[in-house]
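Below are some questions and answers for a reader meeting this structure for the first time. Each answer sets a value against the rule that decides it.

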Amino acid sequence: MVSWFPYFLQEVAHFDTRPACGILNSMHELPITESIVEIAVRYGKEAKAKRVTDLYLIIGQLATVVDESIQFYWDIISKDTICEGARLHFERIPAQLLCLDCNIPYNIERGNMTTCPQCDGIRVKVTQGEEFRLDSINIED
Amino acid sequence: MTTPKPQTPRNIPVVEKILNANEQLANENRQRLDQAGIFGINIMASPGAGKTSVIEKTLAGLGGRFKVAAIDGDVATSIDADRAAAAGATAIQINTGGECHLDAVMLRGALQQLDLPQFDLLLVENVGNLICPANFQLGTHKNILIASVPEGDDKPYKYPGMYRGVDALIINKIDLLPYIPFNMDYFRKGVQLLNPDLVTFPVSCMTGEGFDKWITWLMAHIQKA
């Protein structure tokens, strides 16, 4: 099976507007944030850092990840780790589609998946916007 | 000779996928299923789309030809596992205690409670939700989405991630089509945009319509596992 599945992260229509399940409920941003803390602490310790000061996250437009929710959990979960107080930087990558019929690349408007603007084709491929990774961290020795 | 003092703060490249840990565990789950020769599917849908009813009908359709284990994820209660057990599966309930999806860790815990080699098919019923479960691969062989007609024909457009990430789509409650303004062409166009040539099974749990094709598809995969 294709392996991009977990990283094409969801809910295009609402990706930048509201949390998926309500901010005080459990939701997928909690385990996601735990994972970010784990990765940053691991890389920080490997580099013998005294403290991690900044995290640079790359998140595609198609990710159903709400920045505010990650920040909300981050402030709680990063406490008492070398990441405590670190700043989160979110770089959102706009989604891009490619029409497989006329080979035209196009962006999506306001999060809506749309047919090809040239031929109205529905055979499309997502070429960008599925990113979901921690790109780098800043540390203090 | 003195070691040069490291610049501080300095930037460390990471470039690690954020859900890498879950994906690794999912791979381990997959290996366990493969070693046991069991075909596993992860069934996702919104609440009320008919996940448990489809499981019941599927068990009936398989007619005892295969040994089936069912793992039911829910925020609370064992209602779904009880129904799967009554329909003939060995059922395990996972109560997520508020978590809105299953993940690979939860599935691993449930797999440990099963004597896997004695089963042919594993049905994992995820928590009813069209958003969060799509983010967490479990390690099953196929991800299945059940859409039901009363939910509306706009759902592929509104939940593209879920529709993109699945390997088969069951369209349930088609017996209600005459009573509901559901434009199948509009729905299918959305599905095609997101997941070209996705295999779909229009079914009705009430009339049994369409289940033969779904059962045939499923049996072909069980026999390959």
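Q: What makes S4-S3-S5 of chain A an open sheet, and in which sense do its strands pair?
A: The sheet has 3 strands in the order S4-S3-S5, and the pairing is antiparallel. Strands pair if DSSP finds at least two bridges between them. Strands themselves are DSSP runs of E with at least two residues, helices are runs of H or I with at least four, and both are numbered from the N terminus. Strand S4 (105-107) and strand S5 (124-128) of chain A stand at the edges with a single partner strand each, so one side of each has no neighbour in the sheet. From one strand to the next the twist averages 35 degrees, where axes are lines fitted to C-alpha atoms (for helices over the stretch in contact) and angles run from 0 to 180 degrees between N-to-C directions.

Q: How are the model and its numbering to be read?
A: This is a predicted model, in which local features need pLDDT of at least 70 and side-chain atom pairs count only at pLDDT 80 or more, while totals for chains, interfaces and linings use all residues. Residues are numbered from 1 along each chain as its sequence is written, and chains are lettered from A and ligands numbered from 1 in the order in which they are written.

Q: How do you know that strand S3 (residues 96-99) of chain A pairs with S4(A)?
A: There are 3 bridges between S3(A) and S4(A), in the antiparallel sense, and the rule asks for at least two. One bridge partner of A:Gln96 is A:Asn107 in S4(A).

Q: Which elements make up chain A?
A: Chain A has 2 helices and 6 strands. From the N terminus on they run α-β-α-β-β-β-β-β.

Q: What share of chain A counts as buried?
A: Of its 141 residues, 42% count as buried. A residue is buried if 20 or more other C-beta atoms lie within 10 Å of its own, exposed if 12 or fewer, and partly exposed in between, with C-beta atoms placed from the backbone.

Q: Which residues of chain A touch chain B, and how many?
A: 43 residues of chain A are in contact with 44 residues of chain B; contact means that the C-beta atoms of two residues, placed from the backbone, lie within 7 Å. On the side of chain A, helix H1 (29-46) and strand S6 (132-140) are the elements that give two or more residues. S6(A) gives the most, with 9 residues. That side divides into 25 nonpolar, 11 polar and 7 charged residues. Here Ala, Val, Leu, Ile, Met, Phe, Trp, Tyr, Cys and Pro count as nonpolar, Asp, Glu, Lys and Arg as charged, and the others, Gly among them, as polar.

Q: In what sense do S6(A) and strand S1 (residues 10-17) of chain B pair?
A: They pair in the antiparallel sense over 6 bridges. A:Ile139 stands opposite B:Arg10 in S1(B).

Q: Why is strand S5 (residues 121-125) of chain B called largely enclosed?
A: 5 of its 5 residues are buried, so the rest of the structure largely encloses S5(B). B:Leu121, B:Leu123 and B:Glu125 are buried on one side, and B:Leu122 and B:Val124 on the other. S5(B) pairs in the parallel sense with strand S2 (residues 39-45) of chain B over 5 bridges, and with strand S3 (residues 68-74) of chain B, also in the parallel sense, over 5 bridges.

Q: Why is B:Asn29 called buried?
A: B:Asn29 has 23 other C-beta atoms within 10 Å, so it counts as buried. B:Asn29 lies in helix H1 (residues 20-36) of chain B. Not counting residues up to four places away in sequence, B:Asn29 touches B:Ala104, B:Leu107, B:Arg108, B:Leu111, B:Leu138 and B:Gly139.

Q: What makes the buried residues of H8(B) line one face?
A: In H8(B), B:Phe211, B:Trp214 and B:Leu218 are buried. Seen down the helix axis, the buried residues fall within an arc of 65 degrees, so they line one face; the arc is that of the directions from the helix axis to the C-beta atoms. On the other side, B:Asp212, B:Thr216, B:Ala220, B:Gln223 and B:Lys224 are exposed.
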